[in-house]
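This report is for a reader new to the structure.

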Amino acid sequence: QPILLAVAIGAVLIYLWIILETLLAARRPGKGFSPALWALVLVAYFALGWQIGEINLVTLATEAQDAAPFMERILWPWERAIHREERLLIGEAEIRIPCVGTPPAPIEPEAGIPRLVADPSCGDLSTQDGTPGSTLTITGEDFAPNQETEIWWMDELTNEFRQRQAGEYLKVTTDENGGFQIDIIIPYRLIPPAEASQYSTWTLQARQVADVGPAEPSTELLLAIEKMIETIFLGMMATVFGIILSVPVSFLAARNLMSASRITILLYYLIRTVLNIIRSIEPLIWAVIAIIVVGLGPFAGIVALTVHSIAALGKLYSEAIESIDPGPIEAIHATGANWLQTVIYGVVPQVVPPFVSFTIYRWDINVRMSTVIGLVGGGGIGFLLIQWIHLLDYKAAGIAVWFISITVAILDYVSSEIRQRFV
């Protein structure tokens, strides 16, 4: 590809330029490589990265609008957070096809049942060759106000189907009094009537799902709250176990404390290697392994986050120990203290502030990571989130996203307050 050819030519030019700069530097000691060479190196790496990453800004700009409907549901999902008891309201009118004899009179419903009137109450069917049937003016009364209402048909064989006009399902919104008026065309019939039948009576229905009763928290909202609490405790338990197990490991992984003999330095390298291996494996992979061992659920998530926390906190704690002031340690050594006494009186007082800071930071990471752990069945709100996304229920997914964002913001505020008090 052209860009790869350009990168290859740039690499050759960089190689030749480095040779030239090396020769010039040998003749003029003390002079380093020119900024132009570094700029050429950066341009070559950037061009190669652009190609490997398959970056296409045109597609990003032109196709971004496709995500707008989904983002709207995620950013404002609160319609799904409230639930009201639903009731199906149906108004009916009889339609005679064709107009033979006396047309049916309007059906007088019982109290509390919507009323539907068709004018006229008879007509001809549409034909499959495109000839439209009779037009009826439908008037509805006593429906729920400001609610969408669907138009349905039921033939004499009780086959039900929705009214379609101009290729779209027909629906109307009632006014503030619960009424509406709309013109519809009688649809065509797929199965022709029997030869002996002079006419048939169809039932025209206006169906409306009305919200009744007080507003209540929806099932999705209650599930999101329950799983968010589970997520918080999942991250907290993983952090507690990580602290308990990483603190002793961190002292063994500190070079300034383990360089007294060949055995201790060998133990130091061994522990550091194990910590690096564990830390290099993402918590998501550890969650998959933990699920195989303990099964689906929050315990698998706690195990995965604890293992990763031990390695991460062990590294951070050990680096904090290695950066302490050696003066107090030498003074304690001079008094004849052993290794354990040196750690207790010379190291621990100096590492408490960074330990607290790293611990709070890890707690924040574990809570956020526990939402991802749930994607593979490790418990927490992530499990609900991935299920709702798979079901294309973006409003329910939006509730979960909002709870995650609010929780992370609250934890950030709490962690900053703790830092001000102890660090």
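## A buried residue in a loop

M258 is buried, its relative accessible area being 3%; buried means under 20%, exposed over 50% and partly exposed in between, with a 1.4 Å probe and protein chains only. The residue sits in the loop between helix 5 (219–252) and helix 6 (262–280). Helices here are DSSP runs of H or I with at least four residues, strands are runs of E with at least two, and both are numbered from the N terminus.

Leaving aside neighbours within four places in sequence, M258 is in contact with F251, L252, T264, I265, L267, Y268 and W339, where contact means heavy atoms within 4.5 Å. M258 and Y269 are 11 residues apart along the chain, and their C-alpha atoms are separated by 9.5 Å.

## Basis of the model

This is a predicted model, in which local features need pLDDT of at least 70 and side-chain atom pairs count only at pLDDT 80 or more, while totals for chains, interfaces and linings use all residues. Residues are numbered from 1 along each chain as its sequence is written, and side-chain values use heavy atoms, with hydrogens and water left out.

## The chain as a whole

The chain contains 12 helices and 10 strands. Its radius of gyration is 36 Å, well over the 22 Å that the globule rule gives for 423 residues, so the chain is more spread out than a compact globule. The radius is taken over C-alpha atoms, and the rule is 2.2 Å times the number of residues to the power 0.38. Along the principal axes, the C-alpha atoms fill a box of roughly 115 × 60 × 40 Å.

Of the 423 residues, 35% are buried. Among contacts with a separation of 6 or more, 73% are between residues 24 or more positions apart.

Strand 2 (residues 115–119) runs antiparallel to strand 3 and is joined to it by 5 bridges; two strands pair if DSSP finds at least two bridges between them. R115 stands opposite E141 of strand 3. Strand 3 also pairs with strand 9 (residues 180–185), in the antiparallel sense over 6 bridges. There, L136 has I184 of strand 9 as its bridge partner.

Is L40 buried or partly exposed? With a relative accessible area of 22%, L40 is partly exposed. L40 belongs to helix 2 (residues 35–52) and is in contact with L13, I14 and W17, neighbours within four places in sequence left aside. L40 and L313 are 273 residues apart in sequence, and 39 Å apart in space from C-alpha to C-alpha.

N366 is found in helix 10 (residues 339–373) and counts as buried, at 0% relative accessibility. Not counting residues up to four places away in sequence, N366 touches G235, A238, T239, L305 and S309. In helix 11 (residues 381–390), the residues I381, G382, L384, L385, I386 and W388 are buried. L392 follows helix 11 and has a positive phi, near 60 degrees.
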